[in-house]
Amino acid sequence: MRKIIGYLLSPLFYAAFFVVLMVFHPIQWLCLKFGGYTAHKWSVDILNGGLVACNYLLFNSVRFIDNVDLPTGTPIVFVANHQSMYDIPPLIFFLRRFHGKFISKMELANAGIPSISFNLKHGGAANIDRKDPKQSIAEILKLAENMDSQKWSAFIFPEGTRTKTGQMKAFSIGGIATLLKKNPDALVVPIAINGSYKMVQWGMFPLRPFTAMSWEVLPPIEKGDLLVDEIVLAAEKAIRKKVNA
């Protein structure tokens, strides 16, 4: 029965999702051209709020737990597990005060996806070519430098790819190590994502309705004298304790 409802509701979700992307594409362009970074970020924040709201057309719940008192105006590396492409809008919208930027695949920036590709190109993301390690490191270093100078933050999915089952993969340290090398005093904050993989358990169509999804911001890792691989492992363990799979 749930799958039948998914067939009925998924077109509504995709139609709304597409409309939001199309409407905000020219809005982003105008904001960037005439208002610079601040206006463009404002448009991206509202865009992602609209994308989050699309979940309610599937009767899916979005619960964002943000009870940790984190400082603004200081670089933060948000480290999260990765369950689906729908992980991203809630992170951008609910943590918008931290100016978080993503490390993304260059293919997405060049794909011509309305709003999304534009933001990746012009919003400060590190768009990496996984086949070109030198280019990837240079892009991440540029983001790290902006974190230092602009007090931006970064979102990173250290698993490297989305899980289809909810089972977490081991975290890699590469991107985090590069960000922390330029920002040794940055906070490392884990985020545990639960349930979003279920939304696409049948693939892109139909989407699964009546799905409970949550994003939980966890306390910063106490870095002390820990090495980068120990910091990443501590973040991974903290998230594993919270992930239901």
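1. Contact here means heavy atoms within 4.5 Å. By that rule, L70 touches I76, F78, F98, L187, V189, V217 and P220, leaving aside residues up to four places away in sequence. Keep in mind that this is a predicted model.

2. Where does L70 belong? L70 is one of the residues that touch the most other members of the largest nonpolar core, which has 36 residues. F13, L70, F78, L91, L95, I191 and V217 make up that group. Helix 1 (2-53), strand 1, strand 2, helix 2 (88-94), strand 6 and strand 7 each supply at least two residues of this core. Helix 1 gives the most, with eleven residues. As a general point, nonpolar side chains in soluble globular proteins tend to be buried together.

3. Seven strands form an open sheet in the order 1-7-6-2-5-3-4. The pairing is mixed. Strand 1 and strand 4 (126-128) are the edge strands, and each pairs on one side only. From one strand to the next, the twist averages 20°.

4. Strand 7 (residues 212-217) deserves a look. How many of its six residues are buried? Five are, so strand 7 is largely enclosed by the rest of the structure. With strand 1 (residues 61-65), strand 7 pairs in the parallel sense over five bridges. There, V62 stands opposite M213 of strand 7. With strand 6, the pairing is antiparallel and runs over four bridges. N194 stands opposite S214 of strand 7, and I193 has W215 of strand 7 as its bridge partner. In general, strands of a sheet pair through backbone hydrogen bonds, either parallel or antiparallel.

5. Is A126 buried or exposed? A126 has a relative accessible area of 0%, so it is buried; the cut-off for buried is under 20%. A126 touches F102, I103, S104, E139, I140 and L143, not counting residues up to four places away in sequence. A126 and S172 are 46 residues apart in sequence. In space, they are 17 Å apart, C-alpha to C-alpha.

6. Helix 5 (133-150) lies across strand 2, strand 3, strand 4 and strand 5. Against strand 4, helix 5 runs at about 175°.

7. Helix 6 (residues 174-182) has buried residues of its own: G175, I176, T178, L179 and L180. What covers them? The cover includes strand 2 (76-80), strand 3 (100-105), helix 5, strand 5 (153-156), strand 6 (187-194) and helix 8 (228-240).

8. Last, the cysteines. How many disulfides does a search of the whole structure find? It finds zero. C31 is in no disulfide, and the nearest cysteine sulfur, that of C54, is 19 Å away. C54 is in no disulfide either, and for C54 the nearest cysteine sulfur is that of C31. A disulfide needs the two sulfur atoms within 2.5 Å, so a gap of 19 Å rules out this pair. C31 has a relative accessible area of 13%, so it counts as buried. C54 is at 4% relative accessibility, so C54 is buried too.

Key: Residues are numbered from 1 along each chain as its sequence is written. This is a predicted model: local features need pLDDT of at least 70, side-chain atom pairs count only at pLDDT 80 or more; totals for chains, interfaces and linings use all residues. Side-chain values use heavy atoms; hydrogens and water are left out. Buried means under 20% relative accessible area, exposed over 50%, partly exposed in between (1.4 Å probe, protein chains only). Two strands pair if DSSP finds at least two bridges between them. A nonpolar core is a set of buried Ala, Val, Leu, Ile, Met, Phe, Trp, Tyr and Cys residues joined through side-chain atoms within 4.5 Å. Axes are lines fitted to C-alpha atoms, for helices over the stretch in contact, and angles run from 0 to 180 degrees between N-to-C directions.
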